[in-house]
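Good morning, and thank you for joining this meeting.

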Amino acid sequence: MIAHTSLPDLVLEPMLRMALAEDLGSYGDITTRTVIPAGTSYTARLTAREAGGVSGMQVAALAFRLVDPALAPVTRLTDGSPCVPGDVLMEIAGDAAAILTAERVALNFAGRLSGIASLTAAFVAETAGTATRITCTRKTTPGLRIVEKLAVLHGGGFNHRFSLSDAILIKDNHIAAAGGVRPVLEACKARASHMMRVEIEVDTLDQLAEVLETGGADVVLLDNMDSATLREAVALVSGRLVTEASGNMRLDRIAEVAATGVDYISSGALTHSAQTLDLGLDF
C-alpha cells in the first residue's frame, strides 16, 4: 500500500451527486424520515470486517457531507492504509438521519474501491524483488474510472491511460485494419505530436523484431505470451523500449511474469474482478 493520494472534491462531486440522487429517488429516505426523531444526533463508525487495503475514504466522506454539510466525518485510516477486522476507518458525527441517508452510497464506494486496492496490493506483493510495476487498464466500471484508477494507486499499482485521448495505443485490430506493423508506425511518425507517446501491441517475436526495425514506438505491449517467450522478448528489446506484459495476467502467474524482466504487467482484473471489501457502518 502507498501513502494517502486524493483528488479535488470538485472532481468527485458529480459522481457522488448522481449516486445519491439515484438512491434518494423522487421522495428521499422515507424510512429514516418516518422512524428517526428530528434532531437525533449520533456518532457512527465505518468499520472493516475483513483484512485488506483502504480506499474510498475521501469519496465516502464527501457522500456524507453532500447529504448534510454539517456532518463531521473524521478519517481514522487514510486511503492507502492496510486494515484488519475491527479497524475503524472513519467516524461520522452529527444528525443521525443524514448519516443513515448517506450510508449505502458511502459504503458502496468504500467497499468497491477498497476491494480494488486490496487486489492490487496482492498483485504488487507478487513482484517483490523485481523492478516490475503493476498497472491497470481501461476495463473499469463506466462512469467510475477516475476513482477505480485512484484505488489502484492506493494499492501500490500504477495507472495506464485514462482515456483514448491520452496516448496512442495500437492494438491488433488497428494493425489489421491499417495493413501491418510498419504502416501504423510510419503513420505515427508522420502524424503524431512530439508530445504523444506511442505503444504498440505484438503477439509474436517476429512482430516485435519488425517494431524494433521500424522505430517510432515508445512502449511495446507483449500480448498473451508465455513466460519463456516474454523472457526472449525482453532480451530482444534490450532496454530500447518500455515493455508491458498483458493478457491472462492472473494473480498466480504474476511472480513468474515479473521474473522475466518486463517493466510493467497490466491486468484488467484489478478493476473488473476485484471483490468488494466487507465494510460496515456501526451505530
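A crossing is called left-handed if the near helix is turned anticlockwise from the far one by less than a right angle, and right-handed if clockwise. Helices (H or I, at least four residues) and strands (E, at least two) are DSSP runs, numbered from the N terminus. This is a predicted model, in which local features need pLDDT of at least 70, side-chain atom pairs count only at pLDDT 80 or more, and totals for chains, interfaces and linings use all residues. Residues are numbered from 1 along each chain as its sequence is written, and side-chain values use heavy atoms, without hydrogens and water.

Let us take the helices. The axes of H8 (residues 205-214) and H9 (residues 227-237) come within 11 Å and cross at roughly 15 degrees; axes are lines fitted to C-alpha atoms, for helices over the stretch in contact, and angles run from 0 to 180 degrees between N-to-C directions. The crossing of H8 and H9 is right-handed. Contact (heavy atoms within 4.5 Å) involves Leu 205, Leu 208, Ala 209 and Leu 212 of H8, with Thr 229, Glu 232, Ala 233, Leu 236 and Val 237 on the H9 side.

Now the sheet. Six strands form an open sheet, ordered E6-E11-E10-E9-E8-E7, with parallel pairing; two strands pair if DSSP finds at least two bridges between them. E6 (133-135) and E7 (168-170) stand at the edges with a single partner strand each, so one side of each has no neighbour in the sheet. Between E9 (residues 219-223) and E10 (residues 242-246), which run parallel, there are five bridges. Leu 222 lies opposite Ala 245 in E10. Helix H7 (residues 181-191) packs on the sheet, touching E7 and E8 (198-202), and its direction makes about 175 degrees with that of E8.
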